[in-house]
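Here is a friendly walk through some helix packing, a ligand site and a few backbone details. Have the structure open beside you as you read.

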Amino acid sequence: MNIGFIGLGNMGGPMAANLVRAGHAVTGYDPVAPVPEGVSAAQSAAEAVAGRDAVITMLPNGKILRSVADQIFPNMKSGAIFVDCSTINVETTRAVAAKAGQYGLQAFDAPVSGGIGGATAGTLTFMVGGRQTGFAILRPILDVMGQKVVLCGSSGAGQAAKICNNMILGVTMAVTCEAFALADKLGLDRAKLFDVVSTSSGYSWSTNVYCPAPGVGPKSPADNGYQPGFSSELMLKDLRLSQDAAELANADTPMGYLAMKVYEAFVESEDGRGRDFSALLPRFEKRERTGYDDRDKA
Ligand code: NAD
C-alpha cells in the first residue's frame, strides 16, 4: 500500500521502518526526527499524505494531533484510512475522527502497548477504535507492526482500553515498588519475595516480567540503572489521561488518582524525570512513613 506516516520519533520511526521492510511504499514527515532508511521524506505533513491509501500519525499529544489533522485532512484522498496511534485523550480522538468523517475518511484510533522495543521488533499490541468496515483494510498494516490487534469498539474505544490498561500498570508498579521497599524494612530478602509473589496471588507483569528490584527476576530497566524502558514522564502522562477520562465519565478512580499523584511528585519535584517508571522502588526505599492523614499527599 501507499502509506503516509507523520511523526517519526522513538515509536513512529521504527514502526515506519517495519512497514517498508514488509514491502509498503512509505512517505514520512517529521520536523525534527530523521526519516528511516527506505522511507521517502516529504517536506510537509500535507505533502506526505497526498494520494495515499492510508495515513498513520504517531504524535506526542492531542493538541498536536488536532493541528496535524487540520493540515492533512484536506489533502487526503476521499475513502482513505486515517489511523492515529498516539496516546491521547478520548475526547480529542472522537473529535478528530468526526472531522475525518466530514472529509470522507475512515478514521481509527489505534494506540499501542509494547514501547520502543515492541515498535522495533514489530511486536506491539494495537487497541483499535473505529468502524468494522475499513478494519479489514487496516488490519494487515497493523499486523506488520504488531503481534496483537484488538478491535475494541467504536471511535475512542482504543484510547479507552489503552488508558485503562496503563492505569492498572501505574497502580500495580507503584504498589509493587512499595511492597519491595516494605520487605527491605521488614528484613525480608528481595529474591525470596520475588520467589513467593511471582507464583502467588500478588503476581503481575510488574513483578514477573519487569521486576523493579535490580538483580531479581528477568532482566529489566532496574538492572540498567533504571534507564527507560518506559519513562516516568510517559507513565505520568497516561495516568493524567486516565484521570481526564474518569472526570469526563464521572467514574470514581481513587487508586489511579493516587498513582498519578505519586508519579507527579516523582517527576516534577524529585529525581524521576528521565528515569524508568520502576524507579519508584529506590524512591520508596529512601522515604519514611509520613503524611498518612492527608489524602492528597503522595
Ligand atoms: P517522540 O517524542 O519520540 O515522537 C513524536 C514525534 O512527533 C517527534 O519526532 C516529533 O518531532 C514529532 N512531531 C511533533 N510535532 C509534529 C508535527 N506537527 N508534525 C509532525 N511530527 C511532529 O514520542 P514517542 O515516544 O515516539 O511517542 C509517540 C506517541 O506514542 C505518544 O503519544 C506516546 O504517549 C505514545 N507511546 C509511547 C511509548 C514509548 O515507550 N515511547 C509507548 C506507548 C505509546
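Helix H7 passes helix H11 in a left-handed crossing, where left-handed says that the near helix is turned anticlockwise from the far one by less than a right angle, and right-handed that it is turned clockwise. Before going further, please note that this is a predicted model, in which local features need pLDDT of at least 70, side-chain atom pairs count only at pLDDT 80 or more, and totals for chains, interfaces and linings use all residues. Residues are numbered from 1 along each chain as its sequence is written, and side-chain values use heavy atoms, with hydrogens and water left out.

**Helices in contact**

Two packed helices are described by the angle between their axes and the distance between the axes. The axes are lines fitted to C-alpha atoms, for helices over the stretch in contact, and angles run from 0 to 180 degrees between N-to-C directions. Helices (H or I, at least four residues) and strands (E, at least two) are DSSP runs, numbered from the N terminus.

H7 (residues 157–185) and H11 (residues 254–268) cross at roughly 65°, and their axes come within 9 Å. That makes H7 roughly perpendicular to H11; angles of 65 to 115 degrees count as such, under 35 as roughly parallel, over 145 as roughly antiparallel and the rest as oblique. On the H7 side, the contact (heavy atoms within 4.5 Å) is made by Met167, Gly170, Val171, Met173 and Ala174, and on the H11 side by Met255, Gly256, Ala259 and Tyr263. By class, this contact of H7 with H11 has 7 nonpolar, 2 polar and no charged residues. Here Ala, Val, Leu, Ile, Met, Phe, Trp, Tyr, Cys and Pro count as nonpolar, Asp, Glu, Lys and Arg as charged, and the others, Gly among them, as polar.

H7 also packs against H10, at an angle of about 120° with the axes 9 Å apart. The two helices are therefore oblique to each other, and their crossing is left-handed. Among the residues making this contact are Lys162 and Asn166 of H7 and Asp238 and Gln243 of H10. Its classes come to 7 nonpolar, 4 polar and 2 charged residues.

How are H1 and H6 arranged? H1 (residues 12–21) and H6 (residues 135–145) pack at about 110°, with their axes 8 Å apart. That makes H1 roughly perpendicular to H6, and the crossing is right-handed. Met15, Asn18 and Leu19 of H1 meet Ile141, Val144 and Met145 of H6.

**Around the ligand**

Of the 24 residues around the ligand (a heavy atom within 4 Å), Asn10, Met11, Asp30, Leu59 and Lys237 come nearest. Some polar contacts (pairs of N or O atoms within 3.5 Å) are listed here.

| Residue | Its polar atom | Distance to a ligand oxygen atom |
|---|---|---|
| Aspartate 30 | side chain | 2.7 Å |
| Threonine 87 | backbone | 3.0 Å |

**Backbone details**

Most residues other than glycine have a negative phi, and most peptide bonds are trans. Tyrosine 226 is not a glycine, yet has a positive phi of about 65°; it is found in the loop between H9 and H10. The peptide bond from proline 228 to glycine 229 is cis, with omega near 15°. Glycine 229 lies in the loop between H9 (205–208) and H10 (232–249).

Terms used
Polar contact = N/O pair within 3.5 Å; in protein donor to acceptor, adjacent residues only side chain to side chain.
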